[in-house]
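Subject: Structure handover

Dear colleague,

Here is the structure I said I would pass on. My notes on what turned up in it follow below.

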Amino acid sequence: MELLFVHGALVRDGAWWWQPAAELLERRTGIRSRAVALPSCGEGTARDAGSLGEPDAGGIAGGLVADAAALRRELDTVDDAIVVGHSYGGTVIAEAGAHPAIRHLLYISSYLPDIGQAQGAIMSGETDPVSIGDNGDGTLSVSGYDATSFGARFLQDAAAETQREAWLRVTAQDARAFMTPTTAAGWRGVDSTYVVCGEDRSTSLELQRFHAARATRSVELPTGHHPFITRPELVVEQLEALLAR
């Protein structure tokens, strides 16, 4: 059994975001984790994009389709996997479709979209949406934030140094990650747990609970948007529960 982590939108370096939970999970269970490199965030190599899109500014290539293909390639290398989707990562899981290696899914403040739904459309109903700007080159970025305000919105329950490190990993992302409707619903028929982040200042509780109702089960934790950083023990407890099933 291995664990694949699919990070959220507009950031890079999934291994850094997942590291506190990864280290604790390996100590307690022996299970190793790795983060999926998302081409839409400029991660991976030209091979990751393949014929799914030419690089845009900053070497960014492909959108949702390229990200889903990257996840499927990782799944092709393992026999059994738990896949953790954070925020936009859940939409990547949906688009990746069914895969025989997936045993469980863990969603954290994430999305389980129906076929035909785009990430941007899912987020459009938020009453206090995250400010995202068009860079004019086919990419989008968070706008109007600095390290302090980003930390206050996305990592208010983390130390100041962690907030600063997170800000260094904010990046532009191919707009097609937000605009492309899903063509699959890879969460259907798979055992899943949804973690509702009860103190999340990024994704509303209403939207989280709507998508949580599509999972096999859900639990609400008293954390901000990134519990795998701020309360990794709570996330690992949910993974241990999945392993016991």
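Glycine 133 stands opposite serine 141 in S6. The two belong to a pairing of strand S5 (residues 132-134) with S6, which is antiparallel and has three bridges. Please bear in mind that this is a predicted model. S5 and S6 make a hairpin with four residues between the strands, and glycine 136 has a positive phi there, near 80°. S6 also pairs with strand S7 (residues 173-174), again in the antiparallel sense, through two bridges. In that pairing, threonine 139 stands opposite aspartate 174 in S7.

Is strand S6 covered on one face or on both? Both faces of S6 (residues 139-142) are covered. Thr139 and Ser141 lie on one side, Leu140 and Val142 on the other, and all four are buried. As background, side chains in a regular strand alternate between the two faces of the sheet.

Next, the parallel sheet. Six strands form an open sheet, ordered S2-S1-S3-S4-S8-S9, and their pairing is parallel. At its edges are strand S2 (33-35) and strand S9 (217-221), each of which pairs on one side only. From one strand to the next, the twist averages 20°. Within this sheet, strand S4 (residues 102-108) and strand S8 (residues 192-197) are joined in the parallel sense by four bridges, and tyrosine 107 stands opposite tyrosine 194 in S8. Helix H11 (residues 232-243) lies across strand S1 (2-6), strand S3 (81-86), S4, S8 and S9, and runs at about 155° to S4.

Helix H1 (residues 14-29) has a bend in it. Where is the kink in H1 centred? The kink is centred on proline 20 and amounts to about 50°. H1 has 16 residues and spans 21 Å from its first C-alpha to its last, close to the 22 Å expected at 1.5 Å a residue. Its buried residues are Gly14, Trp16, Trp17, Trp18, Ala21, Ala22, Leu24 and Leu25. Just after H1, glycine 30 has a positive phi of about 85°.

Last, the aromatic residues. The structure holds nine aromatic pairs. One of them is formed by tryptophan 16 and tryptophan 17, with 5.0 Å from centre to centre and 85° between the planes, an edge-to-face arrangement. Tryptophan 16 counts as buried because its relative accessibility is 16%, and the cut-off is under 20%. Tryptophan 17 is also buried, with a relative accessible area of 2%.

Another pair is phenylalanine 150 with tryptophan 167: the ring centres are 5.5 Å apart and the planes are at 55°, so this pair is tilted. The pair links distant parts of the chain, since phenylalanine 150 is in helix H6 (residues 147-154) and tryptophan 167 is in helix H7 (residues 160-167), 17 residues apart. Are these two residues buried or partly exposed? Phenylalanine 150 is buried, at 4% relative accessibility, whereas tryptophan 167, with a relative accessible area of 26%, is partly exposed. Both residues belong to one aromatic cluster, formed by Tyr145, Phe150, Phe154 and Trp167.

Regards

Conventions
Residues are numbered from 1 along each chain as its sequence is written. This is a predicted model: local features need pLDDT of at least 70, side-chain atom pairs count only at pLDDT 80 or more; totals for chains, interfaces and linings use all residues. Side-chain values use heavy atoms; hydrogens and water are left out. Rings of Phe, Tyr and Trp (its six-membered ring) pair if their centres lie within 6.5 Å; planes under 30 degrees apart count as stacked, over 60 as edge-to-face and the rest as tilted. Buried means under 20% relative accessible area, exposed over 50%, partly exposed in between (1.4 Å probe, protein chains only). The expected span of a helix is 1.5 Å times one less than its number of residues. The bend at a residue is the angle between axes fitted to the seven residues ending there and the seven starting there. Two strands pair if DSSP finds at least two bridges between them. Axes are lines fitted to C-alpha atoms, for helices over the stretch in contact, and angles run from 0 to 180 degrees between N-to-C directions. Contact means heavy atoms within 4.5 Å.
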